[in-house]
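Here are some short notes for a first look at this structure. Please read them with the model open beside you.

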Amino acid sequence: MIDRAVEYAKHNTPNSFRVAARRAQMEARNARMRLTVPVVTRNEFDNVFHCTVRKTGSQWIKALFSDPAVYRHSGLLPYDPRFYSGGVTAPVPAGRTGLAIFLSHKRFEAVPKAGTYRAFFVIRDPRDVVVSSYFSLRNSHAPMGDIPQARRVLQEKPKKEGMLHVIERLRDKKQFGQMRSWATAPPAATFRLFRYEDLTGERQAEEVDRLLRHCGITLPPAELEALLARYSFTRMKKGGDAPGRISHYRKGAAGDWRNHFDDDIYAAYLAAAGDLAEVLGYPSRSEAEARDGQEPAAT
């Protein structure tokens with residue numbers, strides 16, 4: 001009943017009511033988990049922080065860390081700071097996993113911490129982020145915040161102009177800069193970078209296990225396999241046919257940008273993001289085209 005009410009609120013009420021409904025949903029689930037799920041292992045860290053940018057599987061990661069299996073082997077309850085006073089720059093209470101924190105590394109470091117912690121930042125090829133953002137904003141993201149205005153703009157524009165508009169939007173919202181800040185931050189034991197492509201790829205179980213262990217969480221192999229099966233992209237997409245939900249689970253293929261970027265779009269991307277893809281460890285345009293057996297584009 002609560003989940004249905006929240007889903008209705010996401011699409012039909014002002015943002016303030018929507019946030020309150022999401023907070024109520026999370027607290028109700030956490031209360032049920034405390035009462036019904038025994039904790040077999042307490043995490044050595046006071047907090048875990050999931051840091052990222054949009055269109056890097058943030059809702060999928062949130063689902064994993066909100067699952068009873070993770071709570072059973074960590075004692076950490078999910079906590080989305082966007083639903084609470086102070087938002088992402090306020091301290092996350094001890095005993096919680098702070099989810100979907102959209103901050104640069106510098107701003108994250110400035111957030112007060114409750115005690116010991118581990119953080120991870122999920123990266124993705126920024127060119128694929130552009131493509132995923134375009135289709136999500138234009139077609140399917142829940143109509144919250146400034147999404148309705150962005151959707152109207154994109155639906156009025158041809159695809160190419162829409163892609164150019166999304167690149168400007170991501171630049172203005174500092175999304176490219178946030179990814180760069182984490183990639184160039186001094187190495188530290190407290191945080192680690194993980195690739196979206198690895199977390200969702202052929203070696204998913206191995207990579208998710210590596211992520212969880214970095215966070216001080218160890219799941220038995222059978223429980224990890226079951227966890228990933230519960231939140232496979234195929235299953236989550238089938239469960240998200242309501243408008244605005246399917247967008248969270250559009251699992252675009254790595255390198256899909258090559259199907260959508262022409263010379264003009266790529267030039268606009270470079271003006272906005274520079275060498276970000278290469279800094280993050282992804283192939284340049286010429287390297288990607290060479291792998292595909294294509295003639296490298298003029299630069």
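1. Start with a term. A residue counts as buried when its relative accessible area is under 20%. Cys215 has a value of 0%, so this cysteine is buried. Cys51, with a relative accessible area of 1%, is buried because that value also falls under 20%.

2. Keep in mind that this is a predicted model. Every value in this note is computed from it.

3. Now the overall build. The protein has 16 helices and five strands. Its chain runs to 299 residues, and 50% of them are buried.

4. Contacts across the sequence deserve a look. Take the contacts between residues at least 6 apart in sequence. Of these, 71% join residues at least 24 apart.

5. Next, the surface. The protein exposes about 14,300 Å². Carbon and sulfur atoms supply 52% of that area.

6. Please also inspect the second largest pocket. It holds about 160 Å³ of space. Two elements each give two or more residues to its lining: helix H6 (126-140) and helix H16 (285-291).

7. Which residues lie nearest the centre of the second largest pocket? They are Asp125, Ala254, Gly255, Arg258 and Pro283, out of 14 lining residues. By class, the lining of this pocket has eight charged, five nonpolar and one polar residue.

Note on methods
Residues numbered from 1 in each chain as written. Predicted model: local features only at pLDDT ≥ 70, side-chain atom pairs only at ≥ 80, totals over all residues. Heavy atoms only, no water. Helix = DSSP H or I, 4+ residues; strand = E, 2+ residues; numbered from the N terminus. Buried < 20%, exposed > 50% of the residue type's maximum accessible area, 1.4 Å probe, protein only. Contact = heavy atoms within 4.5 Å. Areas by Shrake-Rupley, 256 points an atom, 1.4 Å probe, with all protein chains shown as cover. 1 Å grid on protein atoms, 1.4 Å probe; cavity = no way out; pocket = protein on both sides within 12 Å on 5 of 7 lines; lining within 4 Å. Points joined across faces, edges and corners; volume = space filled by probe spheres on them. Nonpolar A, V, L, I, M, F, W, Y, C, P; charged D, E, K, R; others polar.
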